[in-house]
Amino acid sequence: MKRLFRVLPILAILVVATSCSSVRVAADYDTNARFGDYKTFAFFKTGIDKAEISDLDKRRILRAIEAELLTKGFTKSENPDILISLFTKSQQRVDVYNNYWGMGAWGWGGWGPGWGPGWGWGWNQPTVSTSTQGTLYIDLIDATKKELIWQGMGTGYLSRNMEKKEARIKEFVAKIMEKYPPGAQQ
């Protein structure tokens with residue numbers, strides 16, 4: 001029984017950590033856009049330069065977007081049909097787990113109801129976990145009209161581990177680009 005109580009906090013942390021691996025995606029688009037007419041792309045440097053992430057991460061994202069578009073049959077061009085832009089948001093999340101367990105009469109101590117030590121045994125070891133949740137927006141802009149025609153968004157937890165970061169970025173981009181063109185994922 002004691003062993004179970006020692007393992008429970010570790011299991012709780014593992015469940016939280018593994019549940020954070022998915023990317024939630026959504027897309028919005030111009031219903032009047034003729035997505036079948038778009039065959040070529042280029043990156044919109046002005047928009048990409050405004051993204052508040054490192055140049056290394058920008059290059060990782062751009063390479064992943066390019067790979068996804070090439071697999072969809074697009075061609076990179078100096079005279080593109082669509083321009084690709086991106087921007088990002090992130091927020092820090094702090095979770096505090098109060099791992100109290102045990103038996104006893106906490107709450108009926110010498111200081112009145114609700115406070116003070118009672119009898120029995122227990123354990124109170126708070127665990128603090130921090131993670132960064134990021135959102136990546138990929139914008140497709142009609143190059144002729146200079147109008148946004150499609151926007152994909154992916155939200156998920158980011159890895160600080162350098163080896164996992166590139167794979168995580170590819171996962172974000174792949175999940176977002178599954179939504180393009182509209183109706184293709186059905």
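**Surface, pairs and layout**

Biologist: What is the relative accessibility of Glu 171?

Modeller: Glu 171 counts as partly exposed. Buried means under 20% relative accessible area, exposed means over 50%, and partly exposed lies in between (1.4 Å probe, protein chains only). The value for Glu 171 is 28%.

Biologist: What kind of model is this?

Modeller: Residues are numbered from 1 along each chain as its sequence is written, and side-chain values use heavy atoms, with hydrogens and water left out. Local features need pLDDT of at least 70, side-chain atom pairs count only at pLDDT 80 or more, and totals for chains, interfaces and linings use all residues, for this is a predicted model.

Biologist: Which residue forms a salt bridge with Glu 171?

Modeller: A salt bridge is a side-chain nitrogen of Lys or Arg within 4 Å of a carboxyl oxygen of Asp or Glu. Here the closest N and O atoms are 2.7 Å apart.

Biologist: Is Arg 168 buried or exposed?

Modeller: The relative accessible area of Arg 168 is 10%. The cut-off for burial is under 20%. Therefore Arg 168 is buried.

Biologist: What is the N to O distance between Glu 66 and Lys 76?

Modeller: Their side chains meet in a salt bridge. This pair links distant parts of the chain, with Glu 66 in helix 3 (residues 55-71) and Lys 76 in strand 3 (residues 75-76). Glu 66 is partly exposed at 24%, and Lys 76 is partly exposed at 46%. The N to O distance is 3.3 Å.

Biologist: Which residue meets Asp 37 in a salt bridge?

Modeller: Asp 37 is partly exposed, at 46%. The N to O distance is 3.0 Å, and the partner is Arg 34.

Biologist: How many strands does the protein have?

Modeller: Helices (H or I, at least four residues) and strands (E, at least two) are DSSP runs, numbered from the N terminus. The elements run α-β-β-α-α-β-β-β-β-β-β-β-β-α. There are four helices, and the strands number 10.

Biologist: What share of the protein's residues is buried?

Modeller: The protein has 186 residues. The share that counts as buried is 33%.
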